[in-house]
Amino acid sequence: MDASGLAGGPRERMSELQEKCGLVGAVATSGCDVVESVYLGLYALQHRGQAGAGIVSRSRRKTRVHRGMGLVSEIFTPKARDYLAGHMAIGHNRYATTGRATKLRNVQPLLVDYQGGKLAIAHNGTLVNAVALRREMESLGSIFQTTTDSELILHLAARSREPTMVGRLTEALGQVAGAVTILAMDERTLVGYRDPFGFRPLVLGRTGEMILLASETCAFDLLGADCLGDVQPGEMVTIEAGRIERRQIAPPKRPLRQCIFEHIYFARPDSHVFGESVNRIRRELGAALARRHPADADLVIAVPDSSNAAALGYSLASGIPFELGLIRNHYVGRTFIQAGQAHRVSAVRLKFNPVRAVLEGQRVVVVDDSIVRGTTSRQLVQLLRKGGAREIHFRVASPPIQNPCFYGIDTPTWEELIAAGDDVEAIRAYVGATTLGYLTEADLLASVSHPDDYCLACFSGEYPTEIPARPDRVPFDSERWRRPSACGEEDA
Ligand code: SF4
């Protein structure tokens, strides 16, 4: 074990490792421009990805694409939005792991020309049969422009003999497995789809002027749109000429395997995901944590922002006052973290500052959403001690993460997950907390309305699909663990 913990590399909390993505699509029902709405929707979903973003739009004659690195507000300048103006568009926010090189070609939506015309796709998830499919297609002569699994869907659609884009896409989606929530569009039609397990969310909405699809309802709130409900697992929604058509192209897999981490961390608390309030569930997780792991303490603090609701739930259930003991700097981007590292300032130190006036001499319950590798938790504990905390009772609003995710979240290999090798006492000792308590799977499931319909594989190891070979045993694992990149034009 090195200084940072297990087998090389730092340990971090879940919230800094994700490779989740945000999707927004819109079609005008009145001929208006929808690009401004897709831009605002991506802005509302910025938490699902900050590495880059893109929009593909369709006006009367042209399909246009603009993609860039960084934040939505930086990429889509007024000039870029003017260029993109159109009556139909899809957008994608991309997240990449800290320290991982991200290139513009990795940013979606992907856009290709094929014999049927233009086809654009934006994908949230990961295909578990990507390696096998790609090998097979390469052996048949396919040439890939990227290493992305999303590109496989484009290739499969292009190879189909179905006469329509919807037919081609339906055939392609029947050949892929894993987490596949997509938006796609050609010159006439916008398509939204969720795989039969329903791993990742997608909601349908509308305003008086447009029909929308988005990863989370918070995008609709910003646009003043009414939510018409979830796209169902296995369902394809097509929007053309102002009409919505909903078709079940594959039977839903029962039980469903919706990602429980959307509720724990990924989604915004003001969203409804899988039909439930994320805020309500997070508060309930905090209350369950207070019941399962009570603490003799003076105050409860959150690791902001993803743990705020759970910490509040802990405080209300335990009667221990909630305080703001850690302040988060929201303006710390990737470049700044790299600059900080040059000055030997850790990302944790850049992001969080303890409030000495609150912490001095106090016995503190600190609530976090998860522990993945452990480095960040350890640094947070050190930070709180420097800030004057006398005791630190670390409470985690999820069970120990013992297995990687193969469904769109870039968690590390087994070797890097602290809970895969260490028990709770060893983790507590590594983190340096006075006490440490996790939720159980039963606590987690008690907080949701349909407990049978969730994936818990990163806790239980019970994967609902075949999974790729262990990444540490895959000879070209760097490919497996590199997230999709994009193809199509780079312009605007
Ligand atoms: S393995 Fe974990 S993170 Fe991945 S989909 Fe399942 S619950 Fe979500």
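Begin by selecting helices α9 and α10 in this predicted model: α9 passes α10 in a right-handed crossing. The contact involves N279, R282, R283, E284, L285, G286, A287, L289, A290 and R291 on the α9 side, and A309, A310, A311, L312, G313, Y314, L316, A317 and S318 on the α10 side. Sorted by class, this contact holds 11 nonpolar, 4 polar and 4 charged residues. Now display the two axes, for α9 over residues 278-292 and for α10 over residues 308-318; they come within 6 Å and cross at roughly 50°. The angle therefore makes α9 oblique to α10.

Next, select P304 and D305, which are joined by a cis peptide bond with omega of about 0°. D305 is placed in the loop between β17 (299-302) and α10. A further cis peptide bond runs from Q108 to P109, with omega near 5°. P109 is found in the loop between β4 (88-94) and β5 (110-114). Most peptide bonds are trans.

Proceed to A241, in the loop between β12 (235-240) and β13 (243-248). Although not a glycine, A241 has a positive phi of about 50°. A241 is exposed, with 8 other C-beta atoms within 10 Å.

Then select F274, in the loop between β15 (272-273) and β16 (276-277). F274 is not a glycine either, yet has a positive phi of about 55°. F274 counts as buried, because 24 C-beta neighbours lie inside 10 Å.

Of its 492 residues, 53% are buried.

Notes: Residues are numbered from 1 along each chain as its sequence is written. This is a predicted model: local features need pLDDT of at least 70, side-chain atom pairs count only at pLDDT 80 or more; totals for chains, interfaces and linings use all residues. Axes are lines fitted to C-alpha atoms, for helices over the stretch in contact, and angles run from 0 to 180 degrees between N-to-C directions. Helices (H or I, at least four residues) and strands (E, at least two) are DSSP runs, numbered from the N terminus. Angles under 35 degrees count as roughly parallel, over 145 as roughly antiparallel, 65 to 115 as roughly perpendicular and the rest as oblique. A crossing is left-handed if the near helix is turned anticlockwise from the far one by less than a right angle, and right-handed if clockwise. Two residues are in contact if their C-beta atoms, placed from the backbone, lie within 7 Å. Ala, Val, Leu, Ile, Met, Phe, Trp, Tyr, Cys and Pro count as nonpolar, Asp, Glu, Lys and Arg as charged, and the others, Gly among them, as polar. A residue is buried if 20 or more other C-beta atoms lie within 10 Å of its own, exposed if 12 or fewer, and partly exposed in between; C-beta atoms are placed from the backbone.
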